[in-house]
Amino acid sequence: MCEYGWCATAHAATNHSADEDHRSPGVAIRARVRSVDSADAGDDVDLEVGILRRADEDQSWLVIDAGRGVGVEIALDDVPRVVRDLVRDTTLRSVAHA
Ligand SMILES: [Zn+2]
């Protein structure tokens, strides 16, 4: 049993050290991924979003895995601030209702 209620890792099921990291169940979302250097619209892909807390770290991460070796990790403590700042931006709010 893991100390984190959100953790779905089967701890101690193998001897691989990465199996001791704490991972939430992934949530699949459809998104668009593109190179920041590209002018095209990019590709529609399925992303997996979840929470990761490595056994040797003292913080958790919001992990966005795009496959093909591409992923982003955002410190979980930063996520509420980013969302709050985006919601407070009235210009961005108007886009959401367009
Ligand atoms: Zn765990």
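This is a predicted model: local features need pLDDT of at least 70, side-chain atom pairs count only at pLDDT 80 or more; totals for chains, interfaces and linings use all residues.

Colleague: Okay. In what order do the elements of the chain run from the N terminus on?

Modeller: The secondary structure comes to 2 helices and 5 strands. Reading from the N terminus, the order is β-β-β-β-β-α-α.

Colleague: How many bridges pair β3 and β4, and in which sense?

Modeller: β3 covers residues 43-53, and β4 covers residues 61-67. One spot to look at is Val49, which stands opposite Ile64 in β4. The pairing of β3 and β4 is antiparallel, and its bridges number 5.

Colleague: And how many bridges join β2 to β3?

Modeller: β2 takes in residues 27-33. Ala31 has Val45 in β3 as its bridge partner. These two strands pair in the antiparallel sense, and the bridge count is 7.

Colleague: What about β1, which residue in β3 is the bridge partner of Arg23?

Modeller: β1 is residues 22-23. It runs antiparallel to β3, with 2 bridges joining them. For Arg23, the bridge partner in β3 is Leu52.

Colleague: Now the hairpin of β4 and β5: which residue in the turn has a positive phi?

Modeller: β4 and β5 pair in the antiparallel sense over 6 bridges, and Trp61 stands opposite Ala75 in β5. The hairpin leaves 2 residues between the strands. The one in the turn with a positive phi, about 50°, is Arg68.

Colleague: How many residues of β5 are buried?

Modeller: β5 has 6 residues, 70-75, and it lies largely in the open because none of them reaches the buried class. A residue needs 20 or more other C-beta atoms within 10 Å of its own to qualify.

Colleague: Let's pick a residue in β2. Is Ile29 buried or exposed?

Modeller: Ile29 lies in strand β2 and touches Leu47 and Val49, leaving out residues up to four places away in sequence. The cut-off for exposed is 12 or fewer C-beta neighbours. Ile29 has 11 inside 10 Å, so it counts as exposed.

Colleague: How far apart in space are Ile29 and Ile64?

Modeller: In sequence, Ile29 and Ile64 are 35 residues apart. Going C-alpha to C-alpha, the distance in space is 9.8 Å.

Colleague: Over to helix α1. With which residues is Val79 in contact, leaving aside neighbours within four places in sequence?

Modeller: Val79 lies in α1, residues 79-88. It counts as partly exposed because it has 14 C-beta neighbours inside 10 Å. Val79 and Leu62 are 17 residues apart in sequence and 7.8 Å apart in space, C-alpha to C-alpha. The contacts of Val79 are Leu62 and Ile74.

Colleague: Last one: what share of the contacts with a separation of 6 or more comes from residues 24 or more positions apart?

Modeller: This counts contacts in the chain, and a contact means C-beta atoms within 7 Å. Residues 24 or more positions apart account for 18%.

How values were computed:
Residues are numbered from 1 along each chain as its sequence is written. Helices (H or I, at least four residues) and strands (E, at least two) are DSSP runs, numbered from the N terminus. Two strands pair if DSSP finds at least two bridges between them. Two residues are in contact if their C-beta atoms, placed from the backbone, lie within 7 Å.
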